[in-house]
Amino acid sequence: MSFINYSSREINCKIVYYGPGLCGKTTNLQYIYARTNPDAKGKMISLATETERTLFFDFLPLSLGEIRGFKTRFHLYTVPGQVFYDASRKLILKGVDGVVFVADSQIERTEANIESFDNLEHNLYEQGYDLAKIPYVVQYNKRDLPNVAPIAELRDLINPEQVPEFEAVATTGYGVFDTLKAVAKLVLTELKRGR
Amino acid sequence: MTDMVMYEEEYRQIQEVCARLHRDANASAVLLIDKNGQLISEAGDTGHLDTTSLSSLTAGNVAATGGIASLLKEKEFTGQFHEGEQINVHISIVAQRVILVILFDERSSLGLVRLRVRRASDELSSVFDSLLAKVQQPSTPSIFSEITDEDIDNLFKD
């Protein structure tokens, strides 16, 4: 649910990075944070456990520039990927404007990807959203590892709608900004279309 | 779900309510945040605060508390109070969709804050009711009717 402020001339949107545990959601945000001009970003917040696993969410506010005199601000969130944090994931999806599904490309994580994808569809549905109708992109992360599944196979499993998809190596930043730009653009296009 | 939209007139009314609440409650600062963590208005001594982060964390906190309420079959817990050594925080939900945060120190008290929050909540509720009615009118002009696909593309040019 976006927030359009005519008084301060701002458009605010919420993007959520979803995916199985250890797929690289937090790493995406850390890379974006590290490579963004200080004027365009706020503080990155990570609510994590002592072992640096996301406990509740990571949060990164970003400014993307102006459209017709309106500042566009995106609030990026990650969900905790571990299966038992489902109640928290549902809360973070509330009011979402766009979703990035980060898949872990390693063959042994195939089942975890499918489980998380089903969980995303289910949790969105519970809140009255339909994944097929909201701005949504897929990122196949960890493409630098030796044991990755072929893209075609991953696509069949977690991108049946053939939404925009990106190969990525979040630790080096490959594909990270392409993914962000694609979802941000879809969000703005959807806002325009919805009026 | 309706998007949150803020217009000049309602924004001014909200700022007046927040400024008065800040004064009447002897508060250090007042923040009004939407449930998704976007800051709507602020009053008082906020210059040294990271209001963006505070807004997001408060919204997360309220969402988690709401989750606890629903597990306990409560509709919602409308208020929260955090007591610190220097600063106390009073959090309440207004009109079921925005969060009112009062930061106060020893110059005020929980009783006074609660009393002033009650009045301000009623005033804010009526502003948000009229805002919602305005947003739902099909004739209300939108910035998005002026934005072209090209404008959006330009934002993402390297």
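Chain B has four helices and six strands, where helices (H or I, at least four residues) and strands (E, at least two) are DSSP runs numbered from the N terminus. Along the sequence, these elements of chain B are arranged as β-α-β-β-α-β-β-β-α-α. The model is predicted: local features need pLDDT of at least 70, side-chain atom pairs count only at pLDDT 80 or more, and totals for chains, interfaces and linings use all residues. Residues are numbered from 1 along each chain as its sequence is written, chains are lettered from A and ligands numbered from 1 in the order in which they are written, and side-chain values use heavy atoms, with hydrogens and water left out.

Taken along the principal axes, the C-alpha atoms of chain B fill a box of roughly 55 × 40 × 35 Å. Of its 158 residues, 46% count as buried; buried means under 20% relative accessible area, exposed over 50%, and partly exposed in between (1.4 Å probe, protein chains only). Among the contacts in chain B with a separation of 6 or more, 53% join residues 24 or more positions apart, a contact being heavy atoms within 4.5 Å.

The surface comes next. Chain B exposes about 8200 Å², and carbon and sulfur atoms supply 49% of this area. Accessible areas come from the Shrake-Rupley method with a 1.4 Å probe; for residues, only the protein chains shown count as cover.

Helix 2 (residues 51-71) of chain B holds Ile68(B), which is partly exposed at a relative accessible area of 45%. Ser53(B) also lies in helix 2 of chain B, but Ser53(B) is buried, with a relative accessible area of 6%. What does Ser53(B) touch, not counting residues up to four places away in sequence? The residues are Lys43(A), Ile45(A) and Phe59(A).

Two loop residues of chain B have positive phi values. Asn26(B), not a glycine, has a phi of about 55 degrees and sits in the loop between helix 1 (8-24) and strand 2 (29-34) of chain B. Ala95(B) has a phi near 55 degrees and belongs to the loop between strand 5 (88-94) and strand 6 (98-104) of chain B. Asn26(B) is partly exposed at 40% relative accessibility, and Ala95(B) is partly exposed at 29%.

In chain A, helix 1 (residues 25-34) has several buried residues, including Leu29(A), Tyr31(A) and Ile32(A). Their cover includes strand 2 (10-18), strand 4 (54-67) and helix 5 (176-193) of chain A, among others.
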